[in-house]
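Please read this briefing with the structure open beside the text. The points are grouped by topic.

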Amino acid sequence: MTCEIAIVGIGETPPVRRSGRTLRAMVVDAVMAALADAGICPKEVDGLVTDAVIMPTQVPFDYLAGQLGASNCFAASASLGGAGIVCAPMLAQHAIASGLAKVVVGYFGVDWGTRAGGPYAFHDLYPAKQAFEKPYGFNAQPIYFALWARRYMHEYGLTERQLGALAVSHRQHALLNGRGQLRDSLTFEQYLTSRMIAEPLRAADCCLITDGAGAFVMTAMDRARDCSRRPVRVLGTGFASAPVTGDSVFTQGSCLTAMPGAAEAARRAFACARLGPKDVDFAEIYDCFSISCLLQLEDTGLCRKGEAGCFIQDGGIAPGGPLPVNTHGGFLAYSYRLGIEHVTEAVRQLRHEAGRAQVPDAEIGLVTGLSMPDFGVLLLGR
Amino acid sequence: MTDEQIPEFAPFWRNVAERRLCFPRCEACGRFHWYPLTRCPHCFSADIEWRAVEPRGTLYSWTVVRHAFAPTFVDRLPYVVGLIEFSDAPGIRLVSEVRAASTDALWVSMPVRAVFVDGSGADGLHFIPATPNGRGSHEDADLCDSSVQ
């Protein structure tokens with residue numbers, strides 16, 4: 001790595017279904033909170049990084065730079081949604097290493113609790129989905145991933161008990177965190193009464209819908225030591241994508257049992273950090289659905305292929321387990337802001353500030369971001 | 001943008017209306033692709049023709065949808081979406097509706113066959129379970145003439 005950078009500040013708005021606020025206002029609050037956390041004046045910001053599809057049109061760079069009073073502001077985007085957010089530190093690292101920026105803010109937010117059509121309307125940007133899938137009622141992400149779950153069940157023997165254990169584990173983490181959207185306990189018996197959405201996926205297998213934003217501040221390691229909070233080091237980043245269009249990726253990939261790009265993105269991030277899956281103390285995995293979280297555990301090397309179901313059922317990802325996953329409750333129980341909350345939670349864990357949800361002695365955390373066919377992996381260290 | 005506005009999309013439904021199941025195939029390398037592109041994703045040739053396939057396939061995966069994400073599907077719940085593979089169009093899969101007397105009888109790799117009915121767009125095509133010899137399990141099925149082209 002040519003330049004060591006660290007995350008020195010985090011901020012987020014409270015996760016809610018409907019905020020009654022504009023996305024711009026929420027993003028500004030999150031960015032201001034992250035800068036206050038870092039002890040850095042907004043005028044010092046000279047870099048902004050985010051995804052390349054949602055934020056640039058909804059909370060554009062110029063709006064944020066104007067609000068912050070940020071001059072000569074470097075701005076860069078990658079991918080859409082999750083993979084872009086998780087790879088924002090990759091962009092920041094290059095900007096800081098080349099002298100283009102010194103204080104870079106990564107930001108993201110969604111207002112899908114309020115916006116008409118929510119996440120379903122987002123996929124209208126894909127013309128082939130409109131032409132060939134929507135007419136058959138193949139019109140929402142839970143239905144796409146139901147096909148994946150069914151196929152994985154067929155190939156690897158995944159059971160309802162294992163999927164349920166994943167949802168239960170996420171809820172256990174959420175209860176320890178206590179600040180997420182879901183605050184009731186969930187047993188496996190209650191999971192079985194959760195409303196079926198698209199078999200085999202129940203409501204409890206699906207992410208929440210959220211209004212909210214988050215942000216994190218990055219700077220070079222030598223500057224980071226002077227900030228108000230303990231710096232969390234960016235150890236490695238990896239981005240990978242599959243050669244398949246966003247239209248086709250849910251149905252036409254070579255298989256429906258591995259996340260496109262995930263294995264390669266993880267390989268790159270681990271190589272960058274000179275670490276391996278066994279070094280990871282906890283993980284924040286892009287859990288848009290129970291099945292997608294399970295597949296990523298395997299594809300990133302945290303579990304072997306076909307073994308994640310048993311690992312989860314045995315308590316492997318639960319609080320106190322060998323690999324706590326989604327220590328805030330994830331998209332299933334905390335909030336669904338496409339991964340910015342996964343980054344901020346990993347930072348909280350590595351500062352040892354996660355309260356009752358703290359993973360003991362957390363030193364290294366892995367974060368994944370999915371935006372099919374793109375994938376991002378971020379390795380952070382204390 | 002609708003499929004009518006995208007020239008490379010239009011032949012699919014036009015063929016369905018004529019009771020044919022066709023997919024884009026590259027004339028240069030002989031391989032199919034889906035969804036339609038203006039260049040073959042395998043060899044990059046622009047010489048792409050629509051080829052009819054035997055309207056029988058197998059279920060690669062499927063789901064019973066029990067929640068309507070659009071108002072037009074409320075009255076259709078529950079409905080089955082299947083992902084179907086075709087032996088003479090390797091490498092591609094079609095999203096379609098599968099109508100079965102009982103969803104309990106569906107299984108991965110189950111043979112299915114196309115049913116063409118009068119109606120525009122997706123209303124003109126769905127699939128039903130087929131016995132291994134290719135005969136449908138519903139006697140009202142209007143099997144297309146697969147000898148076209």
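Between chain A and chain B, 19 residue pairs are in polar contact, both residues of each pair being at pLDDT 80 or more. A polar contact is a pair of N or O atoms within 3.5 Å; within protein, one must be able to donate a hydrogen and the other to accept it, and residues adjacent in sequence count only if both atoms are side-chain atoms. This is a predicted model, in which local features need pLDDT of at least 70 and side-chain atom pairs count only at pLDDT 80 or more, while totals for chains, interfaces and linings use all residues. Residues are numbered from 1 along each chain as its sequence is written, chains are lettered from A and ligands numbered from 1 in the order in which they are written, and side-chain values use heavy atoms, with hydrogens and water left out.

**The side of chain A that touches chain B**
- Helix 7 (127-133), helix 8 (141-156) and strand 5 (196-198) of chain A each supply at least two residues to this side. Helices (H or I, at least four residues) and strands (E, at least two) are DSSP runs, numbered from the N terminus.
- Helix 8 of chain A gives the most, with 8 residues.
- By class, this side has 18 nonpolar, 10 polar and 8 charged residues. Ala, Val, Leu, Ile, Met, Phe, Trp, Tyr, Cys and Pro count as nonpolar, Asp, Glu, Lys and Arg as charged, and the others, Gly among them, as polar.

**Contact and buried area**
- In contact (heavy atoms within 4.5 Å) are 36 residues of chain A and 34 residues of chain B.
- The two chains bury about 3100 Å² between them, and carbon and sulfur atoms give 61% of this. Buried area is the accessible area (1.4 Å probe) that two parts lose on being put together, summed over both.
- Of the area that chain A buries against chain B, 28% comes from Phe132(A), Tyr136(A) and Gln252(A), more than from any other three residues.

**Salt bridges**
- Over all chains the count is 28 salt bridges, each a side-chain nitrogen of Lys or Arg within 4 Å of a carboxyl oxygen of Asp or Glu.
- Between chain A and chain B there is 1 salt bridge; the side chains of Glu199(A) and Arg66(B) meet in a salt bridge, at 2.7 Å from N to O.
- Lys129(A) forms a salt bridge with Glu133(A), with the closest N and O atoms 2.8 Å apart.
- Lys129(A) and Glu133(A) are separated by about one helical turn, because they lie 4 residues apart in helix 7 of chain A.
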